[in-house]
Amino acid sequence: MYTVKVKIPQTKAIYYPILIGSSTLEKAGNFIKDHTAARKMFVVSNNTVYSLYGEKVRNSLLQAGFDVNFLLLEEGEQYKNINSLEKIWTEAIRLKLERKDAIIALGGGVIGDITGFAAATYLRGVDFIQVPTTFLAQVDSSVGGKVAINHALGKNLIGSFYQPKLVLADISALNTLSPREFKVGLAEVLKYGFIEKTCGLRYFDSSFTDYLIKNKDSIMAIEPSVIENLVKYCCELKASVVNKDEKEAGLRAILNFGHTIGHAIEKCYNYKNINHGEAVAIGMRGAFFLAMQKGLINEKYYENSINLLNQYEMNYKIVKNVSPDSLYKAMHVDKKVRSGKIRFILPANPSEVEIFNDIKEQQVIRSLESLY
Ligand SMILES: NC(=O)c1ccc[n+]([C@@H]2O[C@H](COP(=O)([O-])OP(=O)(O)OC[C@H]3O[C@@H](n4cnc5c(N)ncnc54)[C@H](O)[C@@H]3O)[C@@H](O)[C@H]2O)c1
């Protein structure tokens, strides 16, 4: 079992752990018992995840002596909304969940984000535990305490910062992911390669992108030891950023590399037919194009980066009925907008990114046009 520690300033807890290992879901109850005084557990999941892991988690919680209740939400990004949130609140009230009880998210990033926001707001906050079961959720979304729902007008617009008491990532759960869902997690992994130096950590002898190039075949074959390495290192990178800037006053914005365009794509698709990771992969291509236009990076770094995305089959395109103009408009309704200006995280050097608020409309439109 590997532990990544996330430090949270200004809270009683010095840190909370991300526990990364194999076959840990069957022991979830024991791990959870060590990190909360709650006796009543309210687990939020969906049908797919419940049918695979629900009973295992339920039994383990029961064996650990918890009172256990489940709620299964509808599945998909289009349900990361106020209706699902209300279902959690209503069920929590019906179950008479008290302040000393806890809410567990068992699932991917969608379940984690909605459930975390419900835990942050129900009775002004109850203990929250993340049990991420997708690759994307294990390498990224379960860590760092951003919880949110989407609004019809924009992605993740309603939310909070609310740190879990524990993140329990069972690598074995990734075996049941579809190839598509596995790949969307890789999009966030590649993001960490592109921002590694700015995060301020170094783990491998060479850069993380070199590791991703050299180990591509093992990664695509989902070899457990390599995948575990990726989860550990991405969590370490994210924790190192969150430890310095929990509430995105500055540095944390770099984690949004690829997300300015990505979030606009998700919104313009009405949160259907495209996954978050796929939208982010397109967004990173757009960010590389913009950076080259602005003269921030040379052609060689641009080509190497696009090649890396292509090697991992991240060559998604935007559908024709979503226009560059509609995407540009959608970018203005985003948490990243400052004083009306769209904020871009752009590559500046290999594995380094910078934050820009002064990109001209013409340049943005040109980069969007390159993504069809
Ligand atoms: N809070 C953050 O910091 C943060 C960071 C990145 C992304 N996100 C959010 O994460 C969401 C995307 O998360 P996601 O990619 O995990 O999508 P998701 O939660 O929709 O899960 C994808 C699919 O995989 C299924 N699934 C989950 N675990 C499975 C398993 N072990 N085996 C088989 N199927 C399984 C789910 O039922 C779902 O159909 C987006 O809403 C995005 O905004 C949040």
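Tutor: Start with burial. A residue is buried if 20 or more other C-beta atoms lie within 10 Å of its own, exposed if 12 or fewer, and partly exposed in between, with C-beta atoms placed from the backbone. The model is predicted: local features need pLDDT of at least 70, side-chain atom pairs count only at pLDDT 80 or more, and totals for chains, interfaces and linings use all residues. Residues are numbered from 1 along each chain as its sequence is written.

Student: Is Glu313 buried or exposed, and how do you know?

Tutor: Glu313 has 12 other C-beta atoms within 10 Å, so it is exposed. Glu313 sits in the loop between helix H12 (299-311) and H13. Helices (H or I, at least four residues) and strands (E, at least two) are DSSP runs, numbered from the N terminus.

Student: Is Asn156 buried or exposed, and what decides that?

Tutor: Asn156 has 21 C-beta neighbours inside 10 Å, so it counts as buried. Its place is in strand S8.

Student: What makes the phi of Asn156 worth a remark?

Tutor: Asn156 has a positive phi of about 55° although it is not a glycine. Most residues other than glycine have a negative phi. Glu313 also has a positive phi, about 60°, and is not a glycine.

Student: Why are the buried residues of H13 said to line one face?

Tutor: In helix H13 (residues 324-331), Leu327, Ala330 and Met331 are buried. Seen down the axis of H13, its buried residues fall within an arc of 105°, so they line one face. The arc is that of the directions from the helix axis to the C-beta atoms. The buried residues of H13 pack against helix H10 (259-268) and helix H14 (361-369).

Student: What makes H11 "mostly covered"?

Tutor: Of the 18 residues in H11, 17 are buried. After H11 comes Gly295, with a positive phi near 75°.

Student: How do you know where the ligand lies relative to domain 1 and domain 2?

Tutor: The domain assignment gives domain 1 (2-176) and domain 2 (179-369). Such bounds come from an automatic or database domain assignment. Both domains give residues to the shell around the ligand, so the ligand lies between them.

Student: Which residues are closest to the ligand?

Tutor: They are Gly108, Gly109, Val110, Thr134 and Ser141, and 30 residues surround the ligand. A residue is near a molecule if its C-beta atom, placed from the backbone, lies within 6 Å of it.

How values were computed: Two residues are in contact if their C-beta atoms, placed from the backbone, lie within 7 Å.
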